[in-house]
Amino acid sequence: MKIIIVGCGKVGCALAKQLSREKHNITVIDTNYSLVHTVSNSNDVMGIVGNGASNTVQSEADIEHTDLFIAVTGSDELNLLCCVIAKKAGDCSTIARVRNPIYSQETNFIRQELGLSMIINPEFAAAAEIARLLRFPRAIEIDVFAKGRVEMLRFKVPSGSQLHNTALKDLSSQIRSEVLICAAERKDEIYIPSGNFVIKEGDILSILASPKNSSDFFRKIHLETNQVKNAIIAGGGEISYYLAKMLLAMGIKVKIIEINPQRCDELNDLLPKATILNGDASDESLLLEEHIELAESFVALTNMDEENIILSLYAKNKVKSKIVTKINRLNFDDVIHTLNLDSVIYPKHITTEYIIQYARAKNNSIGSNIETLYKLMDDRVEALEFAINDSTRITGIPLYKLKLKPNLLIGCITRSGQVIIPGGQDMLKSGDTVIVVTTNTGLQDVHDILREQAG
């Protein structure tokens, strides 16, 4: 596909990198010459310096033959204007990043009236992910499929766990819980495990299950699953606002520490049930005064990645249950992993996942669309949800007869609202959605799970 990306910030750069890797024809536009130069040179894409809302600039980028137009500048209004002009000039699909909470209640209206294909609010999406983690604090990461009917939870096997030295083929008889372990991390190695895989303490496992069955599984292996009762949030930005609203609705007490007194006044008006403190979250005396040791969760959401990391490391030995760290800019993944930060949230990755999911679905000519896409474990694993329809050529065939690619697992089938952990005799049917977990990244269509195309 031909894709134009307006905005060469963190998200625009990440999109250009991933979409060019997937062999799309990419053009980036930004008013900043150095950003355009960096992105275009490092990702082998075409770069244009100019205003993405200009019809002349869009024409130079060949908007007439563009399939997908993505606007991710720092301005919501500019993103929307870019998309409106692109829709008129090229009649292409358009995606806009819109972050201001003022527009959050009007997303559907704006999308429909302006003819946009998608509106993405990365702050809201990040807040929703954090809220899920505070509901289920033992999880390092929680991803949602099938409109919430299925969850993928990532957790670390603790020392002394009954899972230690258990082979996966023996797990169901020992635990008797409807879950599937679909990925495992051991040091630097990643496995899509077979039944002979033996779990070790310290492994990081990813399981697929319904929320009810995942709770049952954790209870049986003696890991607490109760949501936190209170949260301290460092920083009072947009993510903090969205998160506080969600947590208060869940019955979780919220305390926000924000250094800007004017923003504190705004938050007091917006969140009357939350406690808003004007102060520096990096001030140890303030944290002790606010009894950080009684907090069940601590979420570091300041505008500085370094400060978030330091705050999380400080809180690690004081907070009872859950610590979440937001990272926007730092790319030192190897160093970050060694810090053992509990859960790390990357808003730019969340935005990129949504857009790549849409791009792959649009690029699919067969029709078994990608419903959901998550890039996991430093992009080394993907979990995808495909919709199965009448044109899918692998329906009615027992799964054990399908010649699947190596390092690929069919993890879960959703059928008429029911969640099925499939066995070899199960078959895909039209109307199903199926979740696939694999290290074979870049799947566009459900037929790509096969070693060879079905005839």
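**Notebook: contacts, sheets and cavities**

I started with Gly396: it touches Met427 and Leu428, leaving out residues up to four places away in sequence. Contact here means heavy atoms within 4.5 Å. This is a predicted model, so I note the limits: local features need pLDDT of at least 70, side-chain atom pairs count only at pLDDT 80 or more, and totals for chains, interfaces and linings use all residues. Residues are numbered from 1 along each chain as its sequence is written, and side-chain values use heavy atoms, with hydrogens and water left out.

Next I looked up where Gly396 sits. It lies in the loop between β19 (381-387) and β20 (408-415). Helices (H or I, at least four residues) and strands (E, at least two) are DSSP runs, numbered from the N terminus. Gly396 and Met427 are 31 residues apart in sequence, yet 5.3 Å apart in space, C-alpha to C-alpha.

**First sheet**

I traced an open sheet of six strands in the order β3-β2-β1-β4-β5-β6, with parallel pairing. Two strands pair if DSSP finds at least two bridges between them. Which strands stand at the edges? They are β3 and β6 (118-120); each has a single partner strand, so one side of each is left without a neighbour in the sheet. On average, neighbouring strands of this sheet are turned by 15 degrees against each other, direction ignored. Axes are lines fitted to C-alpha atoms, for helices over the stretch in contact, and angles run from 0 to 180 degrees between N-to-C directions.

I then checked single pairs. β1 (residues 2-6) and β4 (residues 68-71) are parallel and share four bridges. Ile3 stands opposite Leu68 in β4. Helix α15 (residues 347-363) packs on the sheet and touches β4, β5 (93-97) and β6. The direction of α15 makes about 165 degrees with that of β6.

β2 (residues 25-30) and β3 (residues 46-49) run parallel, joined by four bridges. Thr27 has Met46 in β3 as its bridge partner. From β2 the chain crosses through helix α2 (residues 33-43) to β3, and this β-α-β crossover is right-handed. Right-handed means that, with the strands pointing away from the viewer, the path from the first strand over the helix to the second runs clockwise.

I found another open sheet of six strands, in the order β14-β13-β12-β15-β16-β17, with parallel pairing. β14 (275-278) and β17 (343-345) are its edge strands, each pairing on one side only. Neighbouring strands here are turned by 15 degrees against each other on average, direction ignored.

β16 (residues 322-326) pairs with β17 in the parallel sense over three bridges. In β17, Val344 stands opposite Thr325. Helix α10 (residues 238-249) packs on the sheet, touching β12 (230-234), β13 (253-258), β15 (297-300) and β16. The direction of α10 makes about 165 degrees with that of β13. Helix α11 (residues 261-270) also packs on this sheet and touches β13 and β14. With β14, the direction of α11 makes about 170 degrees.

**Cavities and a pocket**

How many cavities of 30 Å³ or more does a search of the whole structure find? I got two. On a 1 Å grid over the protein atoms alone, a cavity is a set of points where a 1.4 Å probe fits but cannot get out. A pocket is an open set with protein on both sides within 12 Å along at least five of seven lines, and lining residues have an atom within 4 Å of a point. Grid points are joined across faces, edges and corners; a volume is the space filled by probe spheres set on the points.

The largest cavity holds about 50 Å³. Its lining residues include Tyr103, Thr107 and Ile119. α5 (101-104) and α6 (107-114) each supply at least two residues of that lining.

The second largest cavity holds about 30 Å³. Glu141, Asp143, Met152, Arg154, Ser206, Leu376 and Met377 line it. β7 (141-145) and β8 (150-156) are the elements that give two or more residues to this lining.

Last, I looked at the second largest pocket, with about 580 Å³ of space. It is lined by 26 residues; Val144, Lys147, Glu371, Thr372 and Glu385 lie nearest its centre. Among the elements that give two or more residues to this lining are α7 (122-135), α15 and β18 (370-376). α7 gives the most, with five residues.
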